[in-house]
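This briefing sets out selected features of one structure for computational work. Please read the points below beside the sequence and the coordinates.

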Amino acid sequence: MKSRLSATQAVTRRRFLGVTAASVGGALLADGPARGAESDAPSSDIASTEHFWYRPQPAGLFVDSHRDNKAFAFTDGKVLLSEDNGRTWPHSVAFPDARHIVFSCILQNGNVLFSALAKLYLSTDNLRSFREITVKNTDGTDYLAHSPQNPANPGWYFHSLTGVNTWDVNGTEMLVWGNYCNVIGGATPVNIYYSTDQGQTVKLAYSFGRNPHNCDNGSGGGGATGTPLGNPDNPVICRHIHDVAYNPAENAFYACTGDFDRAEGRECHWLRGTYDAGRDQWDWKVIVSDAMNSRYKCGGINFVDGQLYWISDSNGPKPYDRGVFRCAPADITNPAAHTRLFNPEVESGNMIIQDGVILASHCAPASPLATGFIVSLDLGKTWAQYDLKEFGRRSPCRFHRQNSEGWFRVDLRSNWVTPAEMMFIKPKRAS
């Protein structure tokens with residue numbers, strides 16, 4: 001299916017903590033249709049393409065995560081919680097490091113887990129208070145962040161490139177995520193974390209080995225000199241984790257990593273992990289490692305009706321192996337059994353699938369589009385691409401599931417990972 005580039009209705013671009021400038025910003029306070037009422041378009045102030053409506057972040061607030069009717073946001077020196085999809089923000093508490101928040105998750109029971117710099121916090125009372133959470137090793141001892149060479153770069157210990165981090169696993173909500181790190185924010189050990197008690201206890205599910213190219217030398221991504229970080233007993237190394245996802249049909253988790261082909265070995269891995277709840281133990285195995293220009297350098301892992309979907313951000317030496325792929329989970333190591341559903345022909349490592357809607361994005365530094373989106377409303381039968389250039393040159397990531405009014409929440413990053421703004425997208429369902 002030929003892709004379609006569409007001009008879109010103009011929207012005022014808003015930077016983080018921007019000044020109120022146009023009526024579009026007020027759309028966040030306007031009534032919108034409930035999820036499923038797709039025949040009624042949202043407010044005319046909200047911009048539109050043929051496939052979706054979209055709107056920018058509210059003036060002065062960065063909405064970092066949402067779930068159902070709740071939303072978690074921050075501004076200078078404060079975090080806030082809404083219970084009506086951002087129309088009002090009745091709950092807030094002072095938080096001096098708010099500008100450094102790079103991860104948050106609203107749990108099923110209403111708990112809010114969030115991180116800033118190299119610390120993790122939990123609120124169990126709608127932000128009346130919060131406490132710091134110390135991660136636990138597999139043996140129950142404290143897992144503590146390293147002492148950074150540069151206090152301004154303590155490491156992105158908990159930042160996630162994805163917005164979907166919770167799943168129902170045999171009747172229990174599990175929070176499982178991996179950190180995307182070693183680009184900015186300081187050198188960081190690469191880990192997969194998990195919680196089975198609504199964020200009150202967070203533990204290590206897997207710890208990657210010490211990457212000699214990401215030692216803490218005080219710089220944003222680390223280097224070959226400085227403090228080595230990671231599990232000294234694990235020979236598997238990577239730069240960071242792109243995605244962790246759960247397949248209920250197998251009762252198994254999958255993770256993919258990046259990025260480079262090193263003399264010490266490749267860093268693009270797929271891992272498969274199973275969790276024994278009775279013993280509180282994980283079993284992870286590397287199932288494939290491949291070159292950085294392969295389809296296995298990727299993100300956006302999703303499972304739908306037992307099928308595995310992902311999107312490649314293959315780069316490095318040509319030829320590139322890019323696109324949206326699908327296969328049976330058992331066939332992930334066999335490229336001959338993969339179906340390429342669509343090829344945007346650029347690096348695209350972020351994707352979410354919900355209720356038949358596929359929403360993915362371009363990596364801006366590698367794309368001819370300023371803010372590029374890829375969309376299918378019929379689970380990959382037909383495709384379109386859009387350039388929301390009014391947002392500037394941005395890389396969309398951290399796609400959160402639709403809230404109770406049908407809006408996806410999306411980060412907009414400058415370059416490919418530096419926090420900038422966010423936005424909302426609502427698909428137009430087929431009639």
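The notes that follow move from conventions to strands, backbone geometry, the pocket and salt bridges.

The structure is a predicted model, in which local features need pLDDT of at least 70, side-chain atom pairs count only at pLDDT 80 or more, and totals for chains, interfaces and linings use all residues. Residues are numbered from 1 along each chain as its sequence is written, and side-chain values use heavy atoms, with hydrogens and water left out.

- Strands here are DSSP runs (E, at least two residues), numbered from the N terminus.
- Strand β25 covers residues 351–354, with M351 and I353 pointing one way and I352 and Q354 the other.
- All four of these residues are buried, a term for under 20% relative accessible area, whereas exposed means over 50% and partly exposed lies in between (1.4 Å probe, protein chains only).
- Strand β26 (residues 357–361) runs antiparallel to β25, and four bridges join the two; strands are said to pair if DSSP finds at least two bridges between them.
- I352 has L359 of β26 as its bridge partner.
- Two residues separate β25 from β26 in this hairpin, and D355 in the turn has a positive phi of about 50 degrees.

**Open sheet β21 to β24**

- Four strands form an open sheet in the order β21-β22-β23-β24, with antiparallel pairing.
- The edge strands, each pairing on one side only, are β21 and β24 (339–342).
- On average, neighbouring strands of this sheet are turned by 25 degrees against each other, direction ignored; axes are lines fitted to C-alpha atoms, and angles run from 0 to 180 degrees between N-to-C directions.
- Three bridges join β23 and β24 in the antiparallel sense, and F325 has R340 of β24 as its bridge partner.

**Backbone geometry in loops**

- The peptide bond between G258 and D259 is cis, with omega of about 20 degrees; D259 is placed in the loop between β16 (252–258) and β17 (261–262).
- D305 is not a glycine, yet has a positive phi of about 50 degrees. D305 sits in the loop between β21 (298–304) and β22 and counts as exposed because its relative accessibility is 76%.
- N415, likewise a residue other than glycine, has a positive phi near 55 degrees. N415 lies in the loop between β30 (408–414) and β31 (418–427) and counts as partly exposed because its relative accessibility is 43%.

**Largest pocket**

- The largest pocket holds about 880 Å³ of space. A pocket is an open set of points on a 1 Å grid over the protein atoms alone, where a 1.4 Å probe fits, with protein on both sides within 12 Å along at least five of seven lines. Grid points are joined across faces, edges and corners, and the volume is the space filled by probe spheres set on the points.
- The lining comprises 43 residues, of which V164, N165, T166, W167 and R401 lie nearest the centre of the pocket; lining residues have an atom within 4 Å of a point.
- Elements that give two or more residues to this lining are β3 (62–67), β7 (101–106), β11 (166–169), β15 (240–247), β21, β25 and β29 (395–400).
- By class, the lining has 17 nonpolar, 17 polar and nine charged residues; Ala, Val, Leu, Ile, Met, Phe, Trp, Tyr, Cys and Pro count as nonpolar, Asp, Glu, Lys and Arg as charged, and the others, Gly among them, as polar.

**Salt bridges**

- A salt bridge is a side-chain nitrogen of Lys or Arg within 4 Å of a carboxyl oxygen of Asp or Glu, and the count by this rule is 21.
- R394 and E421 form one, with the closest N and O atoms 2.8 Å apart. The pair links distant parts of the chain, 27 residues apart: R394 lies in the loop between β28 (384–387) and β29, and E421 in strand β31. Both residues, R394 and E421, are buried.
- R398 and D411 form another, with the closest N and O atoms 3.4 Å apart. This pair also links distant parts of the chain, with R398 in β29 and D411 in β30, 13 residues apart.
- D411 also forms a salt bridge with R413, the closest N and O atoms being 2.9 Å apart. Salt bridges that share partners join D64, R398, R409, D411 and R413 into one network.
- R413 counts as buried because its relative accessibility is 2%, and D411 is likewise buried, with a relative accessible area of 2%.
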